[in-house]
There are 2 protein chains.
Amino acid sequence: MSNTKAPPVPKVEPCCPPLTERPLTAEEAERTAAMFKALGDPVRLRLFSLVASHDGGEACVCDISDVGVSQPTVSHHLKKLREAGLLTSERRGTWVYYRVEPSVLAAMGRLLVSAGA
Amino acid sequence: MSNTKAPPVPKVEPCCPPLTERPLTAEEAERTAAMFKALGDPVRLRLFSLVASHDGGEACVCDISDVGVSQPTVSHHLKKLREAGLLTSERRGTWVYYRVEPSVLAAMGRLLVSAGA
DNA sequence: CGGCTGATTCGACGTGTGTCAACATAGGTG
DNA sequence: CACCTATGTTGACACACGTCGAATCAGCCG
């Protein structure tokens, strides 16, 4: 594969300063809230943790489909997480593998930890 | 009422290991997702950042009511944040002051930063 | 090629959520 | 005490969201 670099942009930047630094603008809040909302569903949060804690930081859909909802629903939630920029997907042969996007995750964490510290 | 002390517990504990450590259980996910969901609305996230970034870590409702929605809606969102354990409120005379709950915030941050690192 | 398994998409349905206007409550002030 | 400001509560409504079954698409294998 010609993945020499990474032209498909991450597109979701660090975004915002720590919440204690200064109030978020309407636009910042809009963008950031979308990520929190993506993790605001139990099933999605569980799927996300399954991918994040899997070996190599990636997991096949077939490995994480046992969260108590139907398989189409799993696919639906994975799509939401992908749209929020938290996960990336790649098809390899028969199976599709999902992987966490570290930078976005770190940015969200930074918003909170600094606020708590 | 004869509330001699403060039976209303904080009730929201650190909760969970970093998301990379191990998959969340259904119950853990349920509890944690509720907090993320609370921050998953632009207006709420903005209100929260307004309180968090305010001097002394607390803010009067009158100081943060200018987020583009009606006053009842602000009150509604503040209630949601309070129920999620992210904010505490206290009435002092005419005004009601809101304050962030540092421990909960730190716990959420820990979930994410460890995952990103 | 025909069929099989894995995964996403589509259409529908019930529930949850954000929003507001109107009303109710708390506390200060004349 | 009557009024006025500051918050919270209620009821209603439109819309978004989670869920599923059925249909569809993507590769593999016999």
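## Classes of residue at the DNA

Ala, Val, Leu, Ile, Met, Phe, Trp, Tyr, Cys and Pro count here as nonpolar, Asp, Glu, Lys and Arg as charged, and the others, Gly among them, as polar. With that division, the residues of the surface near DNA strand D fall into 10 nonpolar, 9 polar and 6 charged. For the surface near DNA strand C, the classes are 10 nonpolar, 9 polar and 6 charged. Please keep in mind as you read on that this is a predicted model.

## Around DNA strand C

Let's start with strand C. DNA strand C is surrounded by 25 residues, and the closest are Gln71(A), Tyr98(A), Arg44(B), Thr73(B) and His77(B).

For the side chain of Lys80(B), the distance from an N or O atom to a phosphate oxygen of DNA strand C is 2.9 Å.

Both chains contribute to this surface. At least two residues each come from helix 3 (71-83) and strand 3 (95-100) of chain A, and from helix 2 (42-52) and helix 4 (71-83) of chain B. Helix 4 of chain B gives the largest share of the surface near DNA strand C, with 5 residues.

## Around DNA strand D

Now for the other strand. DNA strand D has 25 residues around it, the closest being Arg44(A), Ser70(A), His77(A), Cys60(B) and Trp95(B). Of its atoms within 4 Å of the protein, 76% are in sugar or phosphate and the rest in bases.

A polar side-chain atom of Arg44(A) is 2.7 Å from a phosphate oxygen of DNA strand D. From chain B, an N or O atom in the side chain of Tyr98(B) is 2.8 Å from a phosphate oxygen of DNA strand D, and for the side chain of Ser75(B) the distance is 3.0 Å.

Which elements build this surface? Helix 2 (42-52) and helix 3 of chain A, along with helix 3 (61-64), helix 4 and strand 3 (95-100) of chain B, supply at least two residues each. The largest share, 5 residues, belongs to helix 3 of chain A.

## The sheet of chain A

Behind these contacts in chain A is an open sheet of 3 strands in the order 1-3-2, with antiparallel pairing. Strand 1 (58-60) and strand 2 (87-92) of chain A are at the edges, each with a single partner strand, so one side of each has no neighbour in the sheet. From one strand to the next, the twist averages 25°.

Strand 1 and strand 3 of chain A run antiparallel and are joined by 3 bridges, with Ala59(A) opposite Tyr98(A) of strand 3. Helix 2 of chain A packs on the sheet, touching strand 1, strand 2 and strand 3, and its direction makes about 90° with that of strand 3. Helix 3 of chain A packs on the sheet as well, touching strand 2 and strand 3, at about 120° to the direction of strand 2.

Strand 2 and strand 3 of chain A, also antiparallel, are joined by 6 bridges.

## A residue in strand 3 of chain B

Over in chain B, Val96(B) lies in strand 3. Leaving out residues up to four places away in sequence, Val96(B) touches Ala59(B), Cys60(B), Val61(B), Ser89(B), Glu90(B) and Arg91(B). Val96(B) and Cys62(B) are 34 residues apart in sequence, yet 8.4 Å apart in space, C-alpha to C-alpha.

## How the two chains are related

Why do the copies meet through the same surface? Because 100% of the interface residues of chain A are also interface residues in chain B.

How values were computed. Residues numbered from 1 in each chain as written. Chains lettered and ligands numbered in written order. Predicted model: local features only at pLDDT ≥ 70, side-chain atom pairs only at ≥ 80, totals over all residues. Heavy atoms only, no water. Near = heavy atom within 4 Å. Polar contact = N/O pair within 3.5 Å; in protein donor to acceptor, adjacent residues only side chain to side chain. Helix = DSSP H or I, 4+ residues; strand = E, 2+ residues; numbered from the N terminus. Pairing = 2+ DSSP bridges. Axes fitted to C-alpha atoms, helices over the stretch in contact; angles between N-to-C directions. Contact = heavy atoms within 4.5 Å.
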